[in-house]
Amino acid sequence: MREFDCIIVGGGIAGLQAAIQLGRYSAHQVLVVDAGEGRSTLCRTYHNILGYPDGVSGKELRAIGRMQAEQTGVLFEKDRIVEAMRVHEDKIRLKGSSGTLYQAKTVLLATGLSDRIPDIPGLKSTLGRTVYVCPDCDGYEIQGKQTILLGAGEAGANMAMTLIERTNDLLYINHEQTAISANLHRQMKQAGVRYLEAAVQEVQQMEDGHITGVLTEDGQIFESERGFIAFGGNRVHYELAEQLGAVIADNKHVEANPRSMQAAPHVWIAGDLGLHAEQATVAMGEGAIAAIWIHKALQKIAKSNGIL
């Protein structure tokens, strides 16, 4: 079992930015353990990232980020960390689903969250192209366009109230036909949101993943230029943080020092795991901040051991 100065769990946007920052100190042995999943693997086009006016895919960002990190000596391992424990006061041991054990002086958790996405034919192939998840990231993309929001209950209704600020042609289809309060119904009606309770049979699209409409199970077709989803029930991957003593908020996101992103002794977090807006650009910033403070912590550890 090899020991590292820092193990980064999660190779998405936050984890990669942290890896680049840590690698550039040229002083630490750093390992990124990644299962190859996450939100960034689904996003075909980020349009709100500095330097990419025509957009960039999550796949491309991850590939570039890994290359940058590897150039500084950062190592990568494909595995899923399923257990975390403290074995000494300043040592953390991680266990992968492969059975491999990893040990580190510090850990950065960038495990993020998973969106709840129903298995509707045609939906996943349009995600990140013309169907979106985040109104802060991609509300601009539906500006003035005919838009269908697929969702469930009040999660979808609340999203509809946000999106109606962007377009006056919005249809919310409550795919799971779950309850919505009378107050939210009234707000949607007053704002001009059209509403339908119906199961969606298919998201229709052109070959390039451009949504053209949806087909409901009763045979109706509703045309659309853009789409959004809001089904609620997203799963935050907080378990490793909890095992290492971090404070878990009621919504299962992890609390951390906003200055350093430290969540527990020798443990930092970054990205969608934390309590903040879920944005790729925010994840980048947090990854860099966490890495800076991990570097400081490793310097202190080295000094206490008489190395520096």
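Author: A residue is called buried under 20% relative accessible area, exposed over 50%, and partly exposed in between (1.4 Å probe, protein chains only). The model is predicted, so local features need pLDDT of at least 70 and side-chain atom pairs pLDDT 80 or more, whereas totals for chains, interfaces and linings use all residues. Numbering starts from 1 along each chain as its sequence is written, and side-chain values use heavy atoms, without hydrogens and water.

Helices (H or I, at least four residues) and strands (E, at least two) are DSSP runs numbered from the N terminus. Buried in α1 are I13, A14, G15, L16, A18, A19, I20, L22 and G23. These residues pack against the strands β1 (3-9), β2, β3 (75-78) and β6 (101-109), and also against the helices α2 (58-71) and α7 (280-304).

Within helix α1 lies I13, which counts as buried because its relative accessibility is 12%. Beyond its neighbours within four places in sequence, I13 is in contact (heavy atoms within 4.5 Å) with S40, Y46, L61, A280, A283 and M284. The C-alpha atoms of I13 and V282 are 9.4 Å apart in space, although 269 residues separate the two in sequence.

Strand β2, one of the elements against which the buried residues of α1 pack, spans residues 30-34 and contains V33. V33 is buried because its relative accessibility is 2%. Not counting residues up to four places away in sequence, V33 touches I7, I8, V9, G10, G11, E77, D79, I81 and Y102. From V33 to E202 there are 169 residues in sequence and 36 Å in space, C-alpha to C-alpha.

R39 forms a salt bridge (a side-chain nitrogen of Lys or Arg within 4 Å of a carboxyl oxygen of Asp or Glu) with D272, and the closest N and O atoms are 3.2 Å apart. R39 is partly exposed because its relative accessible area is 21%, while D272, at 13%, is buried. Both belong to a network of salt bridges that also includes D115 and E278. In total, the structure holds 11 salt bridges.

How values were computed:
Contact = heavy atoms within 4.5 Å.
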